[in-house]
Amino acid sequence: MLVWESAYRIGEKEMDSQHLMLFALVNQLDININQEMAAECIGDVLGALESYIAYHFAQEEALMRSWGYPHLDAHVATHEDFIAKVAALRESVLTENPLHSAIKARGFVLDWLLGHILGTDADYVRYIAARKTAAQDRS
Ligand SMILES: [Fe+2]
Ligand SMILES: [Fe+2]
């Protein structure tokens, strides 16, 4: 069981709840691994995770775009690279040793998500917060 901690919140309400949802899906993967579910089941969970990742990234990119975030392109490239890696991991769950590949996927996705949320995502939140403060100071 993976435990979500309040320290993973970055202070942007909608994105925080989407991150929590991503975390819940990684937990589903964890449960499937611990119960040694069939490759198809693990593949389905990874497929659901991939879909939600794509949804979350699109929402996040739209938010950054709406605020004119200057590092948008680099952030999008990081998202795209991650999506490609998760797709490759799902493929290996279905075609190679499923449990071994799933354990690899769980570790990779969890590490990547936490690192990305606390580093790359936290940066656009700081930028938006600064823009909001500047707008308030002007009014
Ligand atoms: Fe995010
Ligand atoms: Fe992101």
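Two residues are in contact if their C-beta atoms, placed from the backbone, lie within 7 Å. The exercises below use this term on a predicted model, in which local features need pLDDT of at least 70, side-chain atom pairs count only at pLDDT 80 or more, and totals for chains, interfaces and linings use all residues. Residues are numbered from 1 along each chain as its sequence is written, while chains are lettered from A and ligands numbered from 1 in the order in which they are written.

**Exercise 1. Describe how many helices and strands the chain has, and in what pattern they follow one another.**

Step 1. Helices (H or I, at least four residues) and strands (E, at least two) are DSSP runs, numbered from the N terminus; by this count the chain has 4 helices and 0 strands.

Step 2. Read along the sequence, the pattern is α-α-α-α, and the C-alpha trace spans about 60 × 30 × 20 Å along its principal axes.

Step 3. Of the 139 residues in the chain, 17% are buried.

**Exercise 2. Work out how α4 packs with α1 and with α2.**

Step 1. Two packed helices are described by the angle between their axes and the distance between the axes. Here axes are lines fitted to C-alpha atoms, for helices over the stretch in contact, and angles run from 0 to 180 degrees between N-to-C directions.

Step 2. Helix α1 (residues 13-34) and helix α4 (residues 98-138) pack at about 165°, with their axes 10 Å apart, which makes α1 roughly antiparallel to α4 (angles under 35 degrees count as roughly parallel, over 145 as roughly antiparallel, 65 to 115 as roughly perpendicular and the rest as oblique).

Step 3. The residues making this contact include His19 and Val26 of α1 and Arg106 and Val109 of α4.

Step 4. For α2 and α4 the angle is about 15° and the axes are 12 Å apart, so α2 is roughly parallel to α4. This contact is made by Ala39, Ile42, Leu46 and Met64 of α2 and Pro98, Ala102, Ala105 and Tyr124 of α4.

**Exercise 3. Decide whether Glu36 and Arg126 count as buried or exposed.**

Step 1. Glu36 lies in the loop between α1 and α2, and has a positive phi of about 50° although it is not a glycine. Because Glu36 has 11 C-beta neighbours inside 10 Å, this residue counts as exposed.

Step 2. Arg126, found in helix α4, has 12 C-beta neighbours inside 10 Å and therefore counts as exposed.

Step 3. From C-alpha to C-alpha, Arg126 and Ile10 are 8.9 Å apart in space, although 116 residues apart in sequence.

Terms used:
Buried ≥ 20, exposed ≤ 12 C-beta atoms within 10 Å, placed from the backbone.
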